[in-house]
Amino acid sequence: MNRLSRAEQNERNRALVLDAARRIFLARGYHAATLDEIADQAGFSRGVVQSRFGNKADLFLALLEEQIAERAAQIARLAEGLSGAEGMRVLRGHGARRNRAELDWGLLVIEFRVHAARDPDLARRYAALHARTRQALAEVITGIHRRAGQPPPFPAQDM
């Protein structure tokens, strides 16, 4: 049996904690979820989770960052061959289906946004992640229009 390298162990442990956090946050909501419960689900102590992620807000932001990266990659793959109005229709349809399928995730993000709004540092960090989401979507929309030989309907910074 091959042993994992330290980097592989760290990545595996990070993934275990994030998977447990996703399950617990979705099942209980941001406020009701605890680091103890997340650590237990992941098979670690609370101290291990805190040493890797800090506090519950830091853990949620790491989870959100991972979700943003996954969605951005998914949307970019979907849009690779799309162009023009038909491409935008496909993109809108995909987004609507995903939002309907992930209602609990949307509620969780709203709950966190309200929490973060009361803390200037968290609000700033959340806003930076949200800006990355908007930028990734703007790039996809711009690409869809350019492949059709059209300018984007509005500047990317306005998206």
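Let's start at one residue: Ala-69 is found in helix α4, where helices are DSSP runs of H or I with at least four residues, strands are runs of E with at least two, and both are numbered from the N terminus. The model is a predicted one, in which local features need pLDDT of at least 70 and side-chain atom pairs count only at pLDDT 80 or more, while totals for chains, interfaces and linings use all residues. Residues are numbered from 1 along each chain as its sequence is written, and side-chain values use heavy atoms, with hydrogens and water left out.

**Overall fold**

- The protein has 7 helices and 0 strands, and its pattern along the sequence reads α-α-α-α-α-α-α.
- Taken along the principal axes, the box filled by the C-alpha atoms is roughly 55 × 45 × 25 Å.
- Among contacts with a separation of 6 or more, 63% join residues 24 or more positions apart; a contact here means heavy atoms within 4.5 Å.

**Surface and charge**

- Of the 159 residues, 34% count as buried, a word that stands for under 20% relative accessible area, with exposed for over 50% and partly exposed for what lies in between (1.4 Å probe, protein chains only).
- The accessible surface comes to about 9,600 Å², and carbon and sulfur atoms hold 53% of that; areas follow the Shrake-Rupley method with a 1.4 Å probe, and for residues only the protein chains shown count as cover.
- There are 25 positive and 19 negative charges, and their mean positions lie 3 Å apart.
- For this count Lys and Arg are positive, Asp and Glu are negative, and His and the chain ends are not counted; each charge is placed at NZ of Lys, CZ of Arg, CG of Asp or CD of Glu.

**The largest pocket**

- About 700 Å³ of space lies in the largest pocket.
- The pocket has 29 lining residues, and the closest to its centre are Arg-71, Arg-98, Asn-99, His-130 and Thr-133.
- The elements giving two or more residues to this lining are α4 (56-79), α5 (84-101), α6 (103-117) and α7 (120-147).
- Helix α7 supplies the largest share of the lining, 9 residues.
- On a 1 Å grid over the protein atoms alone, a pocket is an open set of points where a 1.4 Å probe fits, with protein on both sides within 12 Å along at least five of seven lines, and lining residues have an atom within 4 Å of a point.
- Grid points are joined across faces, edges and corners, and the volume is the space filled by probe spheres set on the points.

- Ala-69 counts as partly exposed because its relative accessible area is 44%.
- Ala-69 and Leu-129 are 60 residues apart in sequence, and their C-alpha atoms are 10.0 Å apart in space.
- Arg-71 also has its place in helix α4, and with a relative accessible area of 17% this residue is buried.
- Leaving aside residues up to four places away in sequence, Arg-71 touches Arg-98, Glu-102 and Trp-105.
- Gly-81 sits in the loop between α4 and α5 and is exposed, since its relative accessible area is 69%.
- From Gly-81 to Arg-124 there are 43 residues in sequence and 35 Å in space, C-alpha to C-alpha.

- Glu-111 lies in helix α6 and is partly exposed, with a relative accessible area of 24%.
- Not counting residues up to four places away in sequence, Glu-111 touches Gly-29, Tyr-30 and His-31.
- Glu-111 and Gly-29 are 82 residues apart in sequence, yet their C-alpha atoms are 7.6 Å apart.
- Ala-136 belongs to helix α7 and is partly exposed, with a relative accessible area of 23%.
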